[in-house]
Amino acid sequence: MSYADRVFVQMCKDILENGTSTEGEKVRPHWPDGTPAYTHKAFSIVNRYDLSKEFPMLTQRYINFKGAVDELLWIWQKKSNNVKDLGTHIWDAWADETGSIGKAYGYQLGVKHHYKEGDMDQVDRVLFDLKNNPSSRRIMTNIYVHQDLSEMNLYPCAYSMTFNVTGNKLNAILNQRSNDMLVANGWNVCQYAVLVHLFARCAGLEVGEFVHVIADAHVYDRHVPIVKELIERPMFKAPKLVIDEGITDFYQFTTDNIRLEGYEYGEKITKIPVAI
């Protein structure tokens, strides 16, 4: 059974059985019909995945892995904030008439900063330090930029990555202020696990631990019946992540270079209502 499945099931059970309901509170999210989107929530969940043992992919239902990787590259490689550069339509609700989501996500990673080694953006700084200063305790990114929040159509959910090299292994921590268990959790976990694999490849390192820190982990009210059914489903073995050999330049990776082998999964869940 996939370790990621076991983590997901335990997390959802804990939220539904022991979490706090926001019903009746003043909440920002709403459903497309205008109804407030209440949640069952838990504060401060920390999950650890040893990437050297298996790839953390949910198997109880189908996850569009290629779409997840496409979004990851859209943010981290293309450093784009325009949905026209993205293969999926996940971000359409937050885009303006030009396709822009404002100064959010990829935009922030593409902003150049001045260092003694020269001007570079956050992604290039991480790649530079992993290769040249691997013992540094300052290898991180942060896209929650307060001065630009008013110009973001959505405040970043997954906002910070901290990288740490221990021995020859690359470890990383993803900080996430908010995580929708049904829609986004499995998607985000596999995305950022891929990112750790890609950065490790570029730096000539092995993968170590991926730690996911969630401030507000929640199940939306309209998702509760779906989640209850989902977590009772059978689990399958974790698939194997395959990255084409010979590519060590982060900007050369495409969705065709990164794939899963042996991905078994349960029935796809369709028409999930999304709170906005």
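## Helix α5 and its packing partners

Helix α2 (residues 65-76) packs on α5 at an angle of about 60°, with the two axes 9 Å apart. That makes α2 oblique to α5, oblique being the label for whatever is left once angles under 35 degrees (roughly parallel), over 145 (roughly antiparallel) and 65 to 115 (roughly perpendicular) are taken out. Axes here are lines fitted to C-alpha atoms, for helices over the stretch in contact, and angles run from 0 to 180 degrees between N-to-C directions. Helices are DSSP runs of H or I with at least four residues, strands are runs of E with at least two, and both are numbered from the N terminus.

A word on the source: this is a predicted model, where local features need pLDDT of at least 70 and side-chain atom pairs count only at pLDDT 80 or more, while totals for chains, interfaces and linings use all residues. Residues are numbered from 1 along each chain as its sequence is written, and side-chain values use heavy atoms, with hydrogens and water left out.

On the α2 side, the residues in contact (heavy atoms within 4.5 Å) include Phe65, Leu72 and Trp76, and their α5 counterparts include Trp187, Leu195 and Phe199. By class, this contact has 13 nonpolar, 2 polar and 1 charged residues. Nonpolar covers Ala, Val, Leu, Ile, Met, Phe, Trp, Tyr, Cys and Pro, charged covers Asp, Glu, Lys and Arg, and the others, Gly among them, go down as polar.

Helix α4 (residues 122-132) also meets α5 (residues 181-203): their axes come within 9 Å and cross at roughly 50°. That makes α4 oblique to α5, and this crossing is right-handed. Val123, Val126, Leu127, Leu130 and Lys131 from α4 meet Phe199, Cys202 and Ala203 from α5.

Which residues touch the most other members of the largest nonpolar core? Out of its 83 residues, they are Phe65, Trp76, Phe163, Phe199 and Phe250. The largest share of this core, 15 residues, comes from α5. A core of this kind is a set of buried Ala, Val, Leu, Ile, Met, Phe, Trp, Tyr and Cys residues joined through side-chain atoms within 4.5 Å. Phe199 touches Trp76 as well as Val123, Val126, Leu127 and Leu130, plus Phe163, Leu170 and Phe250, leaving out residues up to four places away in sequence.

| Residue | Relative accessible area | Class |
|---|---|---|
| Cys12 | 0% | buried |
| Leu182 | 1% | buried |
| Lys79 | 16% | buried |
| Lys271 | 81% | exposed |

Leu182 is in helix α5 and touches Arg61, His223, Ile226, Val227, Leu230 and Ile272, not counting residues up to four places away. Leu182 and Val227 are 45 residues apart in sequence, with their C-alpha atoms 6.7 Å apart. Cys12, in helix α1 (residues 3-18), contacts Met181, Val227 and Ile231, leaving aside neighbours within four places.

As for the two lysines, Lys79 has a positive phi near 55° and sits in the loop between α2 and α3 (106-110). Lys271 has a phi near 55° and lies in the segment after β10 (258-261).

Key
A crossing is left-handed if the near helix is turned anticlockwise from the far one by less than a right angle, and right-handed if clockwise. Buried means under 20% relative accessible area, exposed over 50%, partly exposed in between (1.4 Å probe, protein chains only).
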